[in-house]
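Please report on the pockets, cavities and aromatic pairs of the structure below.

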Amino acid sequence: MSLVRVTAGSRAHKALRAGTALLVAIVVIAIPFNSNPSVNGNLTLVMSYAVAVMGLGLLVGYAGQISLGQGAFFAIGAYAAAAMLAKTGLSYLLAVPVAAVVTFLIGLAFGIPAVRLRGLYLALVTLALAVAVGPVIKRAEPVTGGVSGLSVPQPPVPGWLAVDPDQWLYLLSLAVTALMLLLAANLTRGSLGRALVAIRDGERAARTSGINVSRTKALLFAIAGAYAGVGGALFAYGQGFVAPESFTLLLSFTFLGAVVVGGLGTVIGSVLGSLFVVFVPQYAGDVNQALTGVIYGCTLIAVVYLLPGGAAGLLRRLRRLLVGVVEPAVEPAPVVPEPEPSRPLPEAQRGVHDAVPTSDPAPAGGDPAARGLRP
């Protein structure tokens, strides 16, 4: 039983949603001004992870395609943005879309041959991509800096804004994350989202309904790669330094774990899952440094077991306990009485018009013989 019940689409429902969104916006904007630089740096890292997890969530949660190569696209996006800033002096506002375009094209090139694979075969192919990206980064020393890494100039604070550098990085990452979150929500609610759900539920049925499954899968791989590229660019901004050790194979599994913990088939779950994979290992290390992995693994198993719908599913249940949304009542259509069937008139009431006409009607007047009468 909910504490408050509102009708879907009513003024009260719209006002409640707008008020909730405004309250959340005020809270997340006020966080960096009431936290220390360490917490702000961790939250910036959470947002860079969350953007990459959004793309993987579209691929896994909506299309049912398991990918272990999201960490590779994350690394490519980070190095693309870092190289643009360090080598060419490009504006940091343009480095993010450049990283998105680069990873989009690589994801599209990878997705075209991968659309014929599914399940474990697709997971193995994407795992090979995650394994191969590290050696490639180390060999491309003129661009990536090789094993030594690459320093990234962080975005400067505008002169008209009186904030610290860590606060400015947080606000910048928050703006990009909110934009990508809104874009992902619109994608899932549109025709692409319906096509992805249809493909996940059954490819044959999707093809029968007119969906181009191969093109949709390839496009989705490209979109997921672009999301990872944007997240990698935010990671490069926040850390100020990129190196091959930051993009190990474990990163791809971390992203996949964030999708599961946050909730499959949800957009907001990417943020909740990223909070989990960033802060829980730190808290586990504070409990016992030697047993950090054990505590983190046990916590992950417990969350998956107790929350099969993920953290987003828990939020939905709490929302239903507080606010119940009911569908508006639909008035039944007025019943139109059916016309009674026509009944034939009795023989006595039949007029002359009921007589069967002849094929050669007699002309009026004239000769009786011409009218068919005998004299």
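## The largest pocket

The largest pocket holds about 2100 Å³ of space. A pocket here is an open set of points on a 1 Å grid over the protein atoms alone, with protein on both sides within 12 Å along at least five of seven lines. Lining residues have an atom within 4 Å of a point. Grid points are joined across faces, edges and corners, and a volume is the space filled by probe spheres set on the points. This is a predicted model, in which local features need pLDDT of at least 70 and side-chain atom pairs count only at pLDDT 80 or more, while totals for chains, interfaces and linings use all residues. Residues are numbered from 1 along each chain as its sequence is written, and side-chain values use heavy atoms, with hydrogens and water left out.

The pocket has 41 lining residues; Thr20, Ala21, Val24, Leu181 and Ile268 are the closest to its centre. Helix 1 (11–30) gives the largest share of this lining, 11 residues. At least two residues each also come from helix 2, helix 7 (165–189), helix 12, helix 14 (310–322) and strand 4 (323–326). Helices (H or I, at least four residues) and strands (E, at least two) are DSSP runs, numbered from the N terminus. By class, the lining splits into 31 nonpolar, six polar and four charged residues. Ala, Val, Leu, Ile, Met, Phe, Trp, Tyr, Cys and Pro count as nonpolar, Asp, Glu, Lys and Arg as charged, and the others, Gly among them, as polar.

## The second largest pocket

The second largest pocket has a volume of about 240 Å³. Of its 14 lining residues, Leu250, Leu251, Thr254, Val277 and Tyr296 are the closest to the centre. Helix 11 supplies the largest share, six residues. Helix 12 and helix 13 each supply at least two. The lining has nine nonpolar, four polar and one charged residue.

Leu250 sits in helix 11. Is Leu250 buried or exposed? Leu250 is exposed, at 60% relative accessible area. Exposed means over 50%, buried under 20%, and partly exposed in between (1.4 Å probe, protein chains only). The C-alpha atoms of Leu250 and Gly71 are 8.3 Å apart, though 179 residues separate the two along the chain.

A search of the whole structure gives three cavities of 30 Å³ or more. A cavity is a set of points where a 1.4 Å probe fits but cannot get out. The largest cavity has about 50 Å³ of space. Its lining includes Val53, Met54, Gly57, Thr266 and Ser270. Helix 2 (37–62), helix 11 (249–262) and helix 12 (269–287) each supply at least two lining residues. The classes are five nonpolar, seven polar and no charged residues.

The second largest cavity has a volume of about 40 Å³. Met54, Gly57, Leu58, Tyr62, Ala184, Thr266 and Val267 line this second cavity. Helix 2 provides the largest share, four residues. Five lining residues are nonpolar, two are polar and none is charged.

## Aromatic pairs

The structure holds 11 aromatic pairs. Tyr79 and Phe247 form a tilted pair, 5.8 Å centre to centre with 55 degrees between the planes. Rings of Phe, Tyr and Trp (its six-membered ring) pair if their centres lie within 6.5 Å; planes under 30 degrees apart count as stacked, over 60 as edge-to-face and the rest as tilted. Tyr79 lies in helix 3 (residues 70–88) and Phe247 in the loop between strand 3 (241–242) and helix 11, so the pair ties together parts 168 residues apart in sequence. Tyr79 is buried, at 6% relative accessibility. Phe247 is buried too, at 5%.

The ring centres of Phe276 and Tyr296 are 6.0 Å apart and the planes are at 35 degrees, so this pair is tilted. Phe276 belongs to helix 12 and Tyr296 to helix 13 (residues 292–306), so the pair ties together parts 20 residues apart in sequence. Phe276 is buried, with 11% relative accessible area. One aromatic cluster consists of Tyr49, Phe74, Tyr79, Phe235, Phe247 and Phe255.

## The chain as a whole

The protein chain has 14 helices and four strands. Of its 375 residues, 41% are buried. The chain exposes about 21600 Å², with 66% supplied by carbon and sulfur atoms. Accessible areas come from the Shrake-Rupley method with a 1.4 Å probe; for residues, only the protein chains shown count as cover.
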